[in-house]
Amino acid sequence: MSLEIPALDHGQIRVFAITGPVPPGLMEKNPPALKSILGVADLDTDFIDVFDTQSLGDMTFADFLRNGYDLTPDPADLAMMQGLEGTILLLLSRATGGKATTLTLGAGVQHVTTIGDSVRLTAPTPLESDAAKGVIETPQPRAKSSDARIGGMVATIALLVMMSLVGLMIWVGG
């Protein structure tokens, strides 16, 4: 069986049940083991989870998805996942790196369901109009300070210094 994952797939978690023997290295997400299960080796293993349902303890698989992935499966997905046991592989959308990918499922691998909101992302297209090119203007040079402005700044500084000296004299004399 093959499964198509479109380019720019986003926000989906594909749930696979491994009903046959588990290939060596699958729990460690080794590329050869993933290739034997999914038919593709160039997936980003940071976005693939493989675990045994016994490791969940008393937690149900639906609770695991709610707590671990902040997803609430709809009733149809819950019915599909009811009674899942054994090794489970979760393939997140980001594992494909945004590329269209065809998975060829190996023997003993069953696609249970795909969970998540159906969000379709599209690549941005460049704007073609002349307005999109924009105009970059050279900034206007700063006007040179006038002599009157410079004189005012010097006078202000002189007044502040004199006021400080008068204040110092009053404080020392008092």
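## The end of helix α2

Helices here are DSSP runs of H or I with at least four residues, strands are DSSP runs of E with at least two, and both are numbered from the N terminus. This is a predicted model, where local features need pLDDT of at least 70, side-chain atom pairs count only at pLDDT 80 or more, and totals for chains, interfaces and linings use all residues. Residues are numbered from 1 along each chain as its sequence is written, and side-chain values use heavy atoms, with hydrogens and water left out.

Now for the helix itself, which covers residues 61-69. Its buried residues are F61, A62, F64, L65 and Y69. (Buried means under 20% relative accessible area, exposed means over 50%, and partly exposed is in between, using a 1.4 Å probe and protein chains only.) Look down the axis of α2 and these buried residues fall within an arc of 160°, so they line one face of the helix; the arc is that of the directions from the helix axis to the C-beta atoms. They pack against β3, β4, α3 (75-81), β5 and β7 (109-115).

## Another positive phi

K29 is not a glycine, yet its phi is positive, about 60°. Most residues other than glycine have a negative phi. You'll find K29 in the loop between β3 and α1, and it is partly exposed, with a relative accessible area of 22%.

## Two nonpolar cores

A nonpolar core is a set of buried Ala, Val, Leu, Ile, Met, Phe, Trp, Tyr and Cys residues joined through side-chain atoms within 4.5 Å. The largest one here has 19 residues, and F16, L26, L38, I48, L89, L91 and L103 have the most contacts inside it. At least two residues each come from β1 (2-5), β3 (13-18), α1 (31-38), β4 (48-52) and β5 (87-92). The top contributor is α1, with four residues. Another core, of 17 residues, lies apart from it, and I13, F51, L71 and I115 are among its members.

What does L89 touch, if you skip residues up to four places away in sequence? The list is R14, V15, F16, L26, L34, L38, I48, D49 and V50, where contact means heavy atoms within 4.5 Å.

Two strands count as paired if DSSP finds at least two bridges between them. Across from S2 stands T104 in β6.

## The whole protein

Altogether there are four helices and eight strands. From the N terminus on, they run β-β-β-α-β-α-α-β-β-β-β-α. The radius of gyration, taken over C-alpha atoms, is 34 Å, well over the 16 Å that the globule rule gives for 174 residues, so the protein is more spread out than a compact globule. That rule is 2.2 Å times the number of residues to the power 0.38. The C-alpha atoms fill a box of roughly 95 × 60 × 35 Å along the principal axes, and buried residues make up 30% of the 174 residues.

Where is S146? This residue sits in the loop between β8 (119-120) and α4 (147-173). S146 is partly exposed, with a relative accessible area of 40%. From D52, S146 is 94 residues away in sequence and 80 Å away in space, C-alpha to C-alpha.
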